[in-house]
Structures are given as C-alpha cells and as structure tokens.
Amino acid sequence: RIVVRNNLAEPTSIHWHGLEIESFPDGVPHWSGLGANVYSQIAPNDSFVAAFTPPRSGTFPYHSHLNDRHQINSGLYGALIVTDTPRDVTRDHVIVVGGGGPELLKKNESPFALVNGRRTPAPLRLTVGQKHRLRIVAIHPDWRISLTIQNDSTIARWRALAKDGADLPVALQTLRPAHIEMGPGQTHDFEFTPMVQGEWVIHVRSVETGWYIPLPVIVGPRKSVGK
C-alpha cells in the first residue's frame with residue numbers, strides 16, 4: 001500500500017511503470033480500472049492509496065501520468081525496487097537519471113537533467129573485489145542518455161543481469177564494456193566488480209548534445225574482520 005499525497009497546486013497521477021499489476025491502481029487517468037470503477041486523478045491536497053502485489057522482483061520507475069511531460073521534467077519520478085529479501089545497500093545501488101531543476105518560464109519544461117536528484121550527485125562508494133549491483137533507471141522524457149564507467153582512458157567491464165525489471169536469460173548475462181544507451185522509461189541492472197582501488201567516474205550524458213553529469217565512483221579497500 002503506497003499513499004500518494006498531492007501537494008501540488010494542480011492535479012497529478014502516479015504510474016508504476018513496467019509492473020504487471022491490477023488496472024485500477026496503475027495510475028492512468030480515465031483508463032485504469034474495470035467497468036464503473038475507473039481511476040480518475042489525484043486532486044490538489046488530496047491523496048490516493050495504490051494497493052497492489054508486485055508479481056516479481058525487479059527495478060522499475062514510477063512517474064507522473066497527468067500533464068506528465070511537464071511534471072516529469074520538473075522531477076516527479078523515482079525508482080521502485082522490488083526484492084525478495086532486504087537489500088544490502090552497500091552492494092546494491094540505484095542510479096536514477098531524469099529531468100528537474102528550476103523552471104525558466106512558467107509551465108515550460110526544465111531543460112536540465114539530474115542524477116539521483118542532483119546536478120552534482122554524491123559518489124557511489126564501492127568495495128574492491130566485491131560484486132555490486134547497479135540498478136539504472138532512465139526516466140527523462142526528452143533525452144536518450146548514455147552511461148559509461150571509465151578511469152582515465154580505461155572503460156570498465158560489467159555483467160548484464162536484467163532489463164526493464166526482468167532477469168535476462170543466462171546466455172545474455174555476459175561480461176561486456178560498461179557502456180549503455182537508454183531511452184525514457186527503461187531500466188538496466190548490471191553486476192560490477194571493481195578489482196583495483198581508486199576513483200572512477202560514471203559519465204552520464206545525453207546521447208544528442210545537451211548535457212553531461214559526472215557521477216564519481218570511489219572504490220575503497222575491504223574492511224578487516226576483527227577476531
């Protein structure tokens with residue numbers, strides 16, 4: 001059960017992107033539902049309880065589905081992580097790339113992008129020699145994006161695990177250069193095992209010329225285990 005409270009001065013709606021759930025809580029105004037029970041929208045200062053059981057684990061985005069291009073570009077989106085067991089957030093990391101920032105003109109979409117809600121995102125802190133899961137969510141409605149893990153001229157390698165919330169077949173879970181291009185609403189999960197300590201960068205940029213945001217990656221030593 002997720003309580004969505006609308007603190008905006010305009011109606012909104014939230015869509016749980018990629019989840020195969022019942023129609024009514026899926027957040028598509030005047031469409032989701034069955035028979036006379038049709039979902040409408042969330043009025044200003046009102047709330048809506050989305051109750052559903054996710055059918056599988058995976059990485060999914062959620063986002064506005066009313067005046068959505070403007071609201072998503074203004075930052076109304078996020079990641080929804082479904083897991084079978086509690087996440088170890090020291091090894092399970094979420095990277096959300098979307099729109100946001102101040103309006104230049106009222107009701108005009110923001111031209112800016114954000115990574116994890118910031119123009120200067122906090123570093124990812126990884127441990128050398130350990131497997132880390134990177135969950136990447138692309139939810140910017142206007143831009144195709146690319147991400148590359150790089151140290152100087154060296155591109156790292158990672159193993160593909162899942163796409164759009166579904167585990168890949170074993171034959172496709174291959175080790176490959178750590179570079180991906182993604183469109184709006186897509187998610188990718190990768191396994192990354194850094195083998196040396198030091199500083200890397202995830203270069204996050206628009207595929208077409210527009211913007212660039214570096215996401216620092218700091219690979220530290222394993223912690224010694226006390227006797």
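Reader: Where does Ser 64 lie?

Author: Ser 64 is part of strand E6, residues 58-64. Strands (E, at least two residues) and helices (H or I, at least four) are DSSP runs, numbered from the N terminus. Before going on: this is a predicted model, in which local features need pLDDT of at least 70, side-chain atom pairs count only at pLDDT 80 or more, and totals for chains, interfaces and linings use all residues. Residues are numbered from 1 along each chain as its sequence is written, and side-chain values use heavy atoms, with hydrogens and water left out.

Reader: Ser 64, buried or exposed?

Author: Ser 64 counts as buried because its relative accessibility is 0%. Buried means under 20% relative accessible area, exposed over 50%, and partly exposed in between (1.4 Å probe, protein chains only).

Reader: And the rest of E6, how many of its residues are buried?

Author: In E6, 6 of its 7 residues are buried, so the strand is mostly covered under the cut-off of 20%.

Reader: What does the side chain of Ser 64 reach?

Author: The backbone oxygen of Leu 66, at 3.0 Å. The side chain of Ser 64 is also joined to that of Gln 71 by a polar contact of 2.7 Å. A polar contact is a pair of N or O atoms within 3.5 Å; within protein, one must be able to donate a hydrogen and the other to accept it, and residues adjacent in sequence count only if both atoms are side-chain atoms.

Reader: Which residues does Ser 64 touch, not counting those up to four places away in sequence?

Author: Thr 12, Ser 13, Ile 14, Gln 71, Ile 72 and Leu 76. Contact here means heavy atoms within 4.5 Å.

Reader: Now the sheet. What is the order of the strands in the open sheet of 3?

Author: The order is E2-E6-E7, and the pairing is antiparallel. E2 (14-16) and E7 (77-82) stand at the edges with a single partner strand each, so one side of each has no neighbour in the sheet. From one strand to the next the twist averages 25 degrees, with axes fitted as lines to C-alpha atoms (for helices over the stretch in contact) and angles running from 0 to 180 degrees between N-to-C directions.

Reader: How many bridges join E6 to E7?

Author: There are 6 between E6 and E7, while 3 join E2 to E6. Two strands pair if DSSP finds at least two bridges between them.

Reader: Which residue is the bridge partner of Tyr 62 in E7?

Author: Gly 78. Pro 61 stands opposite Ala 79 in E7.

Reader: Which residues form an aromatic cluster with Tyr 62?

Author: Trp 16 and Phe 52 are in one aromatic cluster with Tyr 62. The whole structure has 8 aromatic pairs. Rings of Phe, Tyr and Trp (its six-membered ring) pair if their centres lie within 6.5 Å; planes under 30 degrees apart count as stacked, over 60 as edge-to-face and the rest as tilted.

Reader: Why is the pair of Trp 143 and Trp 211 edge-to-face?

Author: Because the ring planes of Trp 143 and Trp 211 are at 80 degrees, with the centres 6.5 Å apart. The pair links distant parts of the chain, 68 residues apart: Trp 143 is in the loop between E11 (132-138) and E12 (145-151), and Trp 211 in the loop between E19 (198-206) and E20. Trp 143 is partly exposed at 21% relative accessibility, whereas Trp 211 is buried at 8%.

Reader: Change of topic. How many residues has the largest nonpolar core?

Author: It has 30 residues, and those with the most contacts inside it include Ile 95, Leu 124 and Trp 158. E20 (residues 212-220) gives the most to this core, with 4 residues. Apart from it lies another core of 13 residues, among them Ile 42, Phe 48, Ala 50 and Val 82. A nonpolar core is a set of buried Ala, Val, Leu, Ile, Met, Phe, Trp, Tyr and Cys residues joined through side-chain atoms within 4.5 Å.

Reader: What does Ile 95 touch?

Author: Leaving out residues up to four places away in sequence, its contacts include Val 115, Leu 124, Arg 135, Leu 147, Ile 202 and Leu 215.
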